[in-house]
Amino acid sequence: MAEQYLYAVVLGLLLGVLLDFFRFFRLLFNDRFFFDFFYWIISAVCVFCYLIIFNNGEIRILIILVIFSSVAFYALTFAKLTENIQKLITGKIRKWSKNCFKKVKKVLKSMYNIYYNNKVKFRNVKTTENKGEVYDRKEKQKK
């Protein structure tokens with residue numbers, strides 16, 4: 001019986017670590033609903049598998065309370081320590097990705113300008129096949 005409670009505490013702490021992991025992505029992508037929903041699906045599956053393995057599928061309220069209390073213990077102690085570090089890292093990642101996006105946008109814009117300017121510049125210029133001379137269509141229309 002003590003083994004079941006020990007594994008329940010371990011499962012609760014692992015679910016707390018998983019919650020911390022999803023909080024990092026929640027901060028990074030500003031999408032609270034998707035990551036919270038995904039966390040609760042994963043945690044429900046983990047608790048269900050735990051109950052199947054250790055209790056033969058019997059739901060005991062004490063086991064559920066031990067799991068939730070160990071998640072709360074993790075959230076109130078270790079998660080508070082890592083929250084500031086996660087905010088710092090996500091801020092740096094956002095700043096870095098913003099700079100990368102600006103550079104990619106600048107390169108794409110310059111490629112577009114090169115293509116567009118060459119297309120406009122050489123649209124009116126043609127070569128004659130016989131002599132290899134270059135002439136402007138507008139000058140020919142004047143003659």
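Colour the protein chain by relative accessible area: of its 143 residues, 21% are buried. Here buried means under 20% relative accessible area, exposed means over 50%, and partly exposed lies in between (1.4 Å probe, protein chains only). The model is a predicted one, in which local features need pLDDT of at least 70 and side-chain atom pairs count only at pLDDT 80 or more, whereas totals for chains, interfaces and linings use all residues. Residues are numbered from 1 along each chain as its sequence is written, and side-chain values use heavy atoms, with hydrogens and water left out.

**The whole chain**

The protein chain contains 5 helices and 2 strands, and their order along the sequence is α-α-α-α-β-β-α. These elements are DSSP runs numbered from the N terminus, with helices being H or I of at least four residues and strands being E of at least two. A contact is defined by heavy atoms within 4.5 Å. Among contacts in the protein chain with a separation of 6 or more, 64% join residues 24 or more positions apart.

**H1 against H2**

Select helix H1 (residues 2–29) and helix H2 (residues 32–55). H1 and H2 pack at about 165°, and their axes are 10 Å apart. H1 is therefore roughly antiparallel to H2. Axes are lines fitted to C-alpha atoms, for helices over the stretch in contact, and angles run from 0 to 180 degrees between N-to-C directions. Angles under 35 degrees count as roughly parallel, over 145 as roughly antiparallel, 65 to 115 as roughly perpendicular, and the rest as oblique.

The crossing of H1 past H2 is right-handed. A crossing is right-handed if the near helix is turned clockwise from the far one by less than a right angle, and left-handed if anticlockwise. Show the side chains at this contact: those from H1 include Leu11, Leu15, Phe22 and Phe25, and those from H2 include Phe35, Tyr39, Ile42 and Val47. By class, the contact of H1 with H2 has 18 nonpolar, 3 polar and 3 charged residues. Ala, Val, Leu, Ile, Met, Phe, Trp, Tyr, Cys and Pro count as nonpolar, Asp, Glu, Lys and Arg as charged, and the others, Gly among them, as polar.

**H3 against its two partners**

The contact of H1 with H3 divides into 14 nonpolar, 4 polar and 1 charged residues.

Now turn to H2 and H3, which pack at an angle of about 140° with axes 12 Å apart. H2 and H3 are therefore oblique to each other, and their crossing is right-handed. Tyr39, Trp40, Val47, Tyr50, Leu51 and Asn55 in H2 meet Ile63, Ile64, Ile67, Phe68 and Val71 in H3. This contact of H2 with H3 has 10 nonpolar, 1 polar and no charged residues.

**Gln4**

Centre on Gln4, which lies in H1. Gln4 is buried, with a relative accessible area of 15%. Leaving out residues up to four places away in sequence, Gln4 touches Tyr50, Phe54, Asn55, Arg60 and Ile63.

**Salt bridges**

A salt bridge requires a side-chain nitrogen of Lys or Arg within 4 Å of a carboxyl oxygen of Asp or Glu. By this rule the count is 5.

Select Asp20 and Arg23, whose closest N and O atoms are 2.3 Å apart in a salt bridge. Both Asp20 and Arg23 are buried.

Next, display Arg26 and Asp36, which meet in a salt bridge at 2.5 Å, N to O. Arg26 lies in H1 and Asp36 in H2, so this pair ties together parts that are 10 residues apart in sequence. Arg26 is buried at 16% relative accessibility, and Asp36 is buried at 18%.

Finally, move to Glu83 and Lys87, joined by a salt bridge of 3.7 Å, N to O. Both lie in helix H4 (residues 78–123), 4 residues apart, about one turn of the helix. Glu83 is partly exposed at 23% relative accessibility, and Lys87 is partly exposed at 44%.
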